[in-house]
Amino acid sequence: FPEKFGIPRQSGVVKSLVSEIEFLPEYSNESALRGIEGFSHLWVLWYFSENDREKWSPTVRPPRLGGNERRGVFATRSPFRPNPIGLSLVKLETFGKKPDGKVFLRVSGADIMDGTPVFDIKPYLPFADSAENAEYGFAAEHENERLTVEFSNEAKKNIPENLLSVFADVLSEDPRPAYQSDPERIYSF
């Protein structure tokens, strides 16, 4: 995604979305990935580069809650944080070195904008990273809210076949802010 709108609200919700993490020249060393093939999932720690602000608010209005209800910033996954750091759980698809010498990871399920700086990558450990009987507060109210997505024949002709399911998954998550109620407003990504 070249812009913020349309990016899945959470990692892992659009499993068909494939992304690539490309290492800067000073970190582009295949040895840094030795052993990574044994892990199915990775934690990606990254920088909300498009949401960096000098001031922060202790409360935010999550768009999924209609944007009218304020919650504590630390009780949300809002990108508007005192330290604009993101954490995403992604599935490792493949990795290697490109012909130009750049080392890369191909992952699925990311919720990160194109060009986002990545701070670190760590393996996901189910015995340490998964909590039994975890509760998820007000987020549980919106867990299974998905739209049904249908494409016109014209749209199907203009969208590469391998991207139809990705677009359907992204759109089913309804990227529009819940507080937007103007039926005439058109969104695009």
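The second largest pocket of this predicted model is lined by 33 residues, and Ile 21, Glu 22, Thr 116, Val 118 and Ile 121 lie nearest its centre. Its volume is about 820 Å³. Two or more lining residues come from each of β1 (18-22), β6 and β7, with β7 giving the largest share, six residues. Sorted by class, the lining holds 23 nonpolar, four polar and six charged residues. Here a pocket is an open set of points on a 1 Å grid over the protein atoms alone, with protein on both sides within 12 Å along at least five of seven lines, and lining residues have an atom within 4 Å of a point.

Let's follow the strands next (DSSP runs of E, at least two residues, numbered from the N terminus). Strand β5 (residues 85-97) pairs with β2 (residues 41-47) in the antiparallel sense over seven bridges, where pairing takes at least two DSSP bridges. Leu 42 has Val 90 in β5 as its bridge partner. Strand β6 (residues 103-108) also runs antiparallel to β5, joined by six bridges; Thr 94 is partnered there with Arg 106. Five residues separate β5 and β6 in their hairpin, and Gly 101 in the turn has a positive phi of about 95 degrees.

Finally, Phe 119 sits in strand β7 (residues 118-123). Together with Leu 45, Ile 85 and Leu 87, Phe 119 forms a nonpolar surface patch.

A few notes on reading this: residues are numbered from 1 along each chain as its sequence is written. The model is predicted, with local features needing pLDDT of at least 70, side-chain atom pairs counting only at pLDDT 80 or more, and totals for chains, interfaces and linings using all residues, while side-chain values use heavy atoms, leaving out hydrogens and water.

How values were computed
Patches are made of residues with over 30% relative accessible area and no salt bridge: like charges are joined within 9 Å, nonpolar side chains (Val, Leu, Ile, Met, Phe, Trp, Tyr) within 5 Å. Accessible areas come from the Shrake-Rupley method with a 1.4 Å probe; for residues, only the protein chains shown count as cover. A salt bridge is a side-chain nitrogen of Lys or Arg within 4 Å of a carboxyl oxygen of Asp or Glu. Helices (H or I, at least four residues) and strands (E, at least two) are DSSP runs, numbered from the N terminus. On a 1 Å grid over the protein atoms alone, a cavity is a set of points where a 1.4 Å probe fits but cannot get out, and a pocket is an open set with protein on both sides within 12 Å along at least five of seven lines; lining residues have an atom within 4 Å of a point. Grid points are joined across faces, edges and corners, and a volume is the space filled by probe spheres set on the points. Ala, Val, Leu, Ile, Met, Phe, Trp, Tyr, Cys and Pro count as nonpolar, Asp, Glu, Lys and Arg as charged, and the others, Gly among them, as polar.
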